[in-house]
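Morning, everyone. Let me put the model up, and then we'll go through it piece by piece.

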Amino acid sequence: MRKSCLLIFLLLPVLVWAQTGGNKTNPISNPYTNPYNPNQQNSTNFFEDENPVDPKEKTKVDPKNPNQQNPNQFQDMNSIREGLEEQKLMNAYTDDPEYQRYLEQMKEEQTAKVDTLTYTDSLKKSVYGANFFTNNVFDLSDKNPTSPPGDYKLGPGDEVIVSLWGGAELQQNYTIAKDGSIFPRWVGKIYIQGLTFDAATRVIAQKFRKVVSTSTNIDVQMGKARTIRVTIVGEVKKQGTYTISAFNSALNALFRAGGLTELGNLRKIEIRREGRTVDILDLYVYLRKGGRSEEIYLEDNDYIFVGLYEKKVSAKGSFKRPMFYQLTGDEGLTDLIELAGGPAYNARNSQVHIKTISNEEERYINLAALSKHDLNGESYTDLILNDGDEVSLKAINEGLSNVVRIEGEVKYPDEYEVRNGDRLHDVLKKAGGVSSSAYLARAFILRGSNPLNSSAIKVDLNDIENDESENNIEILAGDKIKILSNKDFEQQYNIEVIGFVRKPGKVAYYKNMKLKDVLLLCGGLRLDAENGRIEISNIVDSVDQYSIESKGSNVITVAINSNLEIDEASEDIVLRPLDRVYVRRKTEFLSQERVTITGEVAYAGEYSLTEKNERISSLLKKCGGVLPTAYLDGAKLIRPKVGQIVIDLPGALKRNGSKQDIVLRDSDIIIIPSINEIVQVRGEVQVPVNIKFEKQNNSVKYYIGAAGGYGDNPWRSRINVKYSNGKVAKTKNFLFFKKYPMVKEGSTVRVPAKPKRENKTEFKDIVTITTTFLTTIATLILVYKTVK
């Protein structure tokens with residue numbers, strides 16, 4: 001009992017802390033608060049409009065504006081009457097189960113996200129003609145074209161517009177009555193039911209010309225087309241009854257129904273009228289011929305029925321249009337091949353592969369076709385296919401089988417046709433023959449596709465014109481002929497020219513090349529070149545096509561005329577392969593060296609070095625000396641390819657020629673800044689600061705104190721000061737004593753962080769752990785005694 005009480009006492013604070021999550025807030029507060037008003041805790045619905053408006057108020061007229069009119073006063077009464085009639089018509093289908101199913105499908109389409117890459121959609125698209133209804137160009141149901149189709153026949157409810165001008169002025173709309181006529185006043189009834197629009201136009205114009213003058217122009221246009229009700233059932237996506245324009249054919253109506261389902265029969269779409277089938281639409285005929293010779297237009301109360309497909313067969317492989325096709329009961333292999341566009345260019349026409357099911361077993365049938373014409377159905381005995389059959393044509397093996405490749409020293413290396421009985425001389429003649437640089441002593445004929453098993457046949461091209469020669473061998477398909485070149489056995493040597501010529505570099509060696517030749521090929525001597533001292537380094541004693549000899553390095557020095565056109569000495573010196581020619585620069589010719597000085601000097605800018613070892617002090621005299629605002633201790637010297645060099649400019653000015661007075665080099669840059677009164681304090685301090693320098697306070701501790709003192713982990717023995725000229729002064733340490741560097745204008749005081757040692761336990765951590773442990777033991781003893 002005592003142990004249980006002790007355990008509960010110890011765990012109670014932990015449980016309370018976990019319940020509250022460590023926070024002081026109420027853990028049982030209502031989480032369903034208004035996100036737009038967190039202080040609101042009641043059950044107000046924050047999705048409601050805070051200031052709802054009565055719909056009746058929207059149509060009221062503002063009493064302050066008496067000229068404002070109510071739009072309801074100007075509604076078209078005809079449109080209101082038509083709307084009421086249409087509403088009555090729609091109410092007649094309210095209780096129809098098919099209509100209710102249609103409404104449910106419409107709701108699902110508005111709320112569901114359709115994944116167009118699903119397997120079902122992919123399957124539909126793979127069936128030829130299945131995606132026909134995805135294009136909305138067939139939807140004429142909501143449109144009223146002014147020019148109806150040429151074969152459209154007028155009927156009751158259609159509207160025509162007759163316009164007269166010239167001798168008489170008139171524009172009047174006429175609606176065909178139930179008896180099939182229009183009744184213009186003074187003209188009489190004109191019966192136009194069943195006529196095409198063009199025929200009706202001629203009849204109307206003929207009737208009107210009897211009552212108007214001959215100078216009157218007559219024009220007849222189509223107005224509103226009549227509307228019809230068509231019921232679409234079967235394998236369509238949205239079954240139901242639709243009110244559409246009479247311009248529509250069965251294809252337009254099927255588009256309104258969303259097209260056919262995955263199981264719909266594209267080959268037999270029935271149009272039923274008064275209980276009998278008046279037309280059957282085959283979509284494949286429409287797609288292949290681009291339309292029908294005579295379009296059947298729908299009439300009021302027609303039915304469109306789409307049944308299940310009869311057979312779906314796959315054309316796979318090397319067909320022009322490989323995909324699934326629907327076939328009718330009597331269609332077979334010939335029809336499928338025709339629908340698939342026939343074999344592709346790379347099809348293996350000699351074999352047709354059919355995968356089918358017979359006697360509850362899968363079977364594989366191979367049919368031999370004599371030619372490509374057989375596959376097109378001209379002389380091939382047809383085979384009736386079953387639902388689910390797969391017909392495939394394999395592709396031929398890639399790669400040319402009657403070619404030989406010629407490489408190397410022929411006039412036109414390429415691939416060429418090889419025929420039975422062709423020999424080496426015949427094939428080389430097709431390539432234009434061997435070139436003049438060809439190596440005739442040996443050519444190679446590589447025969448075989450596997451490098452490990454292929455053979456290299458060696459032939460002599462000097463003896464291939466004779467048909468009886470053993471070198472003029474027969475060439476087979478797949479052979480590769482390699483003709484070598486004499487250049488392949490020639491080693492190229494160079495002569496290198498280094499120094500003051502216009503185009504130094506390597507020059508290709510040729511026999512009996514002279515020094516003058518090499519110098520001319522390098523553009524000749526430069527004006528600052530020392531023509532009296534040309535060095536030639538040679539290591540080759542003799543060389544020919546098959547050997548090269550060397551007895552060591554040899555260097556000679558010659559003097560030539562700077563004008564190579566009249567020089568004779570260079571004409572007499574014969575060079576050898578691998579020679580090196582050195583052209584030096586004239587000793588009395590100095591290059592134009594320059595330095596730049598910027599900042600607080602009288603005349604900043606670029607200056608030329610007039611002496612070989614000119615120093616900083618000399619440059620400062622040229623530029624007129626430094627200005628009173630110059631900070632000499634912060635002067636910097638930047639040398640290209642080296643970087644910043646720390647200089648002591650005050651020392652250089654006091655002792656000219658001393659080690660502080662550095663010798664300048666070409667492209668040096670000297671920067672003399674103005675006085676910078678800011679001292680930066682960085683690193684392990686409380687707050688990094690920039691503070692004004694004070695002459696009476698040049699101690700490091702003063703500026704660290706201005707930064708709030710040391711940070712958490714300062715390395716005091718490594719404090720350093722970087723001056724404006726780039727020099728860094730460090731802290732000097734001796735036993736427990738530290739001597740910090742002096743701070744100057746523009747200095748940066750840096751306190752580095754002391755590196756932490758791994759697995760090192762601090763003394764304060766030991767004290768903390770020990771104290772915690774002892775406190776816990778004392779608490780447990782006290783609780784135990786209290787319970788006891």
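**Cysteines, cores and charges**

The disulfide count is zero, where a disulfide means a pair of cysteine sulfur atoms within 2.5 Å. Two cysteines are worth a look. C522 is buried at 2% relative accessible area, and C623 is buried at 0%. Buried means under 20% relative accessible area, exposed means over 50%, and partly exposed is in between, with a 1.4 Å probe and protein chains only.

Ground rules next. This is a predicted model, in which local features need pLDDT of at least 70 and side-chain atom pairs count only at pLDDT 80 or more, while totals for chains, interfaces and linings use all residues. Numbering runs from 1 along each chain as its sequence is written, and side-chain values use heavy atoms, with hydrogens and water left out.

Now the overall picture. The protein chain has 16 helices and 39 strands. These are DSSP runs numbered from the N terminus: helices are H or I with at least four residues, strands are E with at least two. Of the 788 residues, 33% are buried.

On to the inside. The largest nonpolar core holds 68 residues. By nonpolar core I mean buried Ala, Val, Leu, Ile, Met, Phe, Trp, Tyr and Cys residues joined through side-chain atoms within 4.5 Å. Among those with the most contacts inside this core are I204, I232 and Y325. Leaving out residues up to four places away in sequence, I204 touches V160, V162, I182, I190, I192 and V220. Contact here is heavy atoms within 4.5 Å. Another core lies apart from that one, with 22 residues, including L525 and I573.

Now charges. Side chains of opposite charge can pair when their charged atoms come close. The count is 24 salt bridges, each a side-chain nitrogen of Lys or Arg within 4 Å of a carboxyl oxygen of Asp or Glu. Which residue does E299 pair with? The partner is R273, with the closest N and O atoms 3.7 Å apart. The pair links distant parts of the chain, 26 residues apart. E299 sits in the loop between helix 7 (283-289) and strand 10 (302-308), and R273 is in strand 8 (residues 264-273). E299 is partly exposed at 40%, whereas R273 is buried at 17%.

Then D528 and R526: their closest N and O atoms are 3.0 Å apart. D528 is buried at 8%; R526 is partly exposed at 35%. Salt bridges with shared partners also join R267, D282 and E331 into one network.
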